[in-house]
Amino acid sequence: MFEVLVFVYENYWRGDACPELHQLGRKLSAHGFEPEEIQQALTWLDGLNFAAQSTQLPDPAPAAPSQHSMRVYSVAEQDHLGAQCLGFVSFLDSAGVMPPAMREIVLDRAMAAPGGPVSLDDLKIIVLMVYWSMGREPDALVLDELCDDTADRLPH
């Protein structure tokens, strides 16, 4: 499913430039994606479209959350996302680059991802897709963090 989402992100610059889901399904099939992958991605994108259209983001984006606010994760979220993904969401949250409403869409879409625990690379695709669907561009440093391969990084 995530390969399909990356294809959609790379080929349709903004969410509003993406064709309707049934037409997108035909295009994905023509590009050789497997029917099951396409169906999972279209279902996931349909949920993303619904969440994006139902959410109003403040403009300009709010500052970082108060020191006294805290997002509590359910056991299901902890199991499905794991410490690495939750740490990344917390990083984006504390850096003030992802408004709380957008964070909730990211968490919703991560929970809707099929299969076992979501990997950090898959979560980064989800975050990109949420920005994409909302018609917003992530900050350049955030985009670098989302697209950078961290395998070669050395911890300091």
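This report walks through the nonpolar core, the aromatic pairs and the charges over rings in a predicted model.

Let's start with the core. The largest nonpolar core holds 47 residues, and those with the most contacts inside it are Leu 5, Val 8, Leu 28, Leu 45, Leu 123 and Met 129. The largest share, eleven residues, comes from α6. For a look at one of these residues, take Leu 5: leaving aside neighbours within four places in sequence, Leu 5 is in contact with Ala 41, Trp 44, Leu 45, Ile 125 and Met 129.

| Pair | Distance between ring centres | Angle between planes | Type |
|---|---|---|---|
| Phe 7 and Phe 33 | 5.3 Å | 65° | edge-to-face |
| Phe 88 and Phe 91 | 6.0 Å | 40° | tilted |

Phe 7 belongs to helix α1 and Phe 33 to the loop between α2 and α3, so their pair ties together parts 26 residues apart in sequence. Both Phe 7 and Phe 33 are buried. Phe 88 and Phe 91, in contrast, are three residues apart in helix α4, about one helical turn. Phe 88 is buried, at 6% relative accessible area, while Phe 91 is partly exposed at 40%.

Charged side chains meet rings too. Lys 124 lies over the face of Phe 88, 5.5 Å from the ring centre. The charged end of Arg 109 sits over the ring of Trp 44, 5.5 Å from its centre.

Key. Residues are numbered from 1 along each chain as its sequence is written. This is a predicted model: local features need pLDDT of at least 70, side-chain atom pairs count only at pLDDT 80 or more; totals for chains, interfaces and linings use all residues. Side-chain values use heavy atoms; hydrogens and water are left out. A nonpolar core is a set of buried Ala, Val, Leu, Ile, Met, Phe, Trp, Tyr and Cys residues joined through side-chain atoms within 4.5 Å. Buried means under 20% relative accessible area, exposed over 50%, partly exposed in between (1.4 Å probe, protein chains only). Helices (H or I, at least four residues) and strands (E, at least two) are DSSP runs, numbered from the N terminus. Contact means heavy atoms within 4.5 Å. Rings of Phe, Tyr and Trp (its six-membered ring) pair if their centres lie within 6.5 Å; planes under 30 degrees apart count as stacked, over 60 as edge-to-face and the rest as tilted. A charge sits over a ring if NZ of Lys or CZ of Arg is within 6 Å of the ring centre and within 35 degrees of the ring normal.
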